[in-house]
Amino acid sequence: MIGKLTSNQLKEMVFKHLTYRRPEVLIRPAVGEDCAAVDFGEEVLIISTDPITGTASEVGKLAVNINLNDIASNGVAPFGLMLTVLAPVGTTLEEIEMVMSQAAIEAEKNQVEIMGGHTEITDAVNRIVVSAVAIGKQPKSELIKTSDIALDDVIIMTKTVGLEGTGIIAFEKEAELTTQFGPEMVADAKKLLDQTSVVKEGVLAGKFKIHGMHDVTEGGLLGAIWELCDASGLGCIIDTASIPIQSSTALICDHYDIDPLRLISSGSLIIIACEETAESLLKKFDEEGVDAQVIGKIIDDACLIDDEGELFEIPPPEGDALYDVLG
């Protein structure tokens, strides 16, 4: 299977070995946790890391956004990045410079400094891989923990499903999709990569009494929701009719017979809060021009999806629909 390890594999092959504990560490590796948190007195340092491996297009932009998104998923404005660029033999200096130019532009948009990293050409990879470490800080009293998720909390989703996956497929399969749907649709699909940041909505949500947040990455919308529920020990019920989808995403997913709800979607943020807080947050989002809607609620145990009145169980995430297209 291509893609990140499943939740069970992480628990059985990775997490069980991480037994040494430092008292300064407040949030540790777990399914549904995007970041680590380190105690610095009245403040906590928020740290996350992720690579970009699923595409050769726009890797600098995506590497910055997906890592800043993790920090923002804790309601924090990120301030620093460390970047590692691994390029295959044959990569030109111009290609490396393009990656760094993309990264620098995205970082500056978010007032984040690229503080250092590592760049090399190696035969260990067959296309450019960019991995980053993102850093933020917040008052300890504002730290968001998934243990705060409670029964009857509502589930909010920002933007639309499949944003990142749609954009990546449009770049990687441009010729085929242009023949099938025309250049205008492909151009619209590519532009979705410009929406892959959740820093704005994450920082806005952090000013409210949020119980949990998670950006929608590998495994898509349903994977992100399942991971949050697993972390909280609770379940959910999701209404498919309330989930927005772009026309380009629908066309591409139908063409390749993949599930848009299982398609990687950096740029969409899942937020869990009590109903009263959710109402206030949605009002704030509307004032700030952030598209968001309630798509479900937290229930006792099972993770369910309501599809036109029929209930189906949401299984644990296993891979991403993107790899069904790109191999």
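## The seven-stranded sheet

In this predicted model, 7 strands make up an open sheet with mixed pairing, and their order is β8-β10-β7-β11-β9-β12-β13. Strands (E, at least two residues) and helices (H or I, at least four) are DSSP runs numbered from the N terminus, and two strands pair if DSSP finds at least two bridges between them. β8 (212–215) and β13 (310–313) sit at the edges with a single partner strand each, so one side of each has no neighbour in the sheet. On average, neighbouring strands of this sheet are turned by 25° against each other, direction ignored.

Now for the pairs inside this sheet. β7 (residues 154–158) and β11 (residues 292–299) run antiparallel and are joined by 5 bridges, with I155 standing opposite G296 in β11. β12 (residues 303–307) pairs with β13, also in the antiparallel sense, over 4 bridges; here L304 has E313 in β13 as its bridge partner. β12 and β13 form a hairpin with 2 residues between them, and E308 in the turn has a positive phi of about 55°.

## Ground rules

Residues are numbered from 1 along each chain as its sequence is written. Since the model is predicted, local features need pLDDT of at least 70 and side-chain atom pairs count only at pLDDT 80 or more, while totals for chains, interfaces and linings use all residues; side-chain values use heavy atoms, with hydrogens and water left out.

## The six-stranded sheet

There is also an open sheet of 6 strands, again with mixed pairing, in the order β1-β2-β3-β6-β4-β5. Its edges are β1 (25–27) and β5 (113–121), each with a single partner strand, so each has one side left without a neighbour in the sheet. From one strand to the next, the twist averages 20°. Helix α2 (residues 59–72) packs on this sheet and touches β3 (43–52), β4 and β6, where contact means heavy atoms within 4.5 Å. The direction of α2 makes about 145° with that of β3; axes are lines fitted to C-alpha atoms, for helices over the stretch in contact, and angles run from 0 to 180 degrees between N-to-C directions.

Which strands does β6 pair with in the antiparallel sense? One is β3, over 10 bridges, and I46 has G136 in β6 as its bridge partner. Another is β4: residues 78–87 (β4) and residues 129–139 (β6) pair antiparallel over 8 bridges, and M82 stands opposite V133 in β6.

## Helix α5 and its two contacts

Two packed helices are described by the angle between their axes and the distance between the axes. For α5 (residues 174–181) and α6 (residues 183–191), the axes come within 7 Å and cross at roughly 130°. That makes the two helices oblique to each other (under 35 degrees counts as roughly parallel, over 145 as roughly antiparallel, 65 to 115 as roughly perpendicular, and the rest as oblique). E174, L177, T178 and F181 in α5 meet P183, M185, V186 and K190 in α6. By class, this contact has 5 nonpolar, 1 polar and 2 charged residues; Ala, Val, Leu, Ile, Met, Phe, Trp, Tyr, Cys and Pro count as nonpolar, Asp, Glu, Lys and Arg as charged, and the others, Gly among them, as polar.

What about α5 and α9 (residues 247–256): how do their axes cross? They come within 12 Å and cross at roughly 105°, which makes α5 roughly perpendicular to α9. E176, L177, Q180 and F181 of α5 make the contact with L251, I252, H255 and Y256 of α9, and these residues divide into 5 nonpolar, 2 polar and 1 charged.

## Pocket and cavity

The largest pocket has a volume of about 980 Å³. On a 1 Å grid over the protein atoms alone, a pocket is an open set of points with protein on both sides within 12 Å along at least five of seven lines, a cavity is a set where a 1.4 Å probe fits but cannot get out, and lining residues have an atom within 4 Å of a point. Grid points are joined across faces, edges and corners, and a volume is the space filled by probe spheres set on the points. The pocket is lined by 41 residues, with K4, T49, D50, D70 and T217 nearest its centre. Elements giving two or more residues to the lining are α1 (7–14), β3, α2, α4 (163–172), β8 and α11 (321–326), and β3 gives the most, with 6 residues. The lining comprises 19 nonpolar, 12 polar and 10 charged residues.

The structure holds 1 cavity of 30 Å³ or more. About 60 Å³ of space lies in the largest cavity, which is lined by G32, E33, D34, S73, N74, I144, K145, T146, G212 and M213. That lining divides into 2 nonpolar, 5 polar and 3 charged residues.
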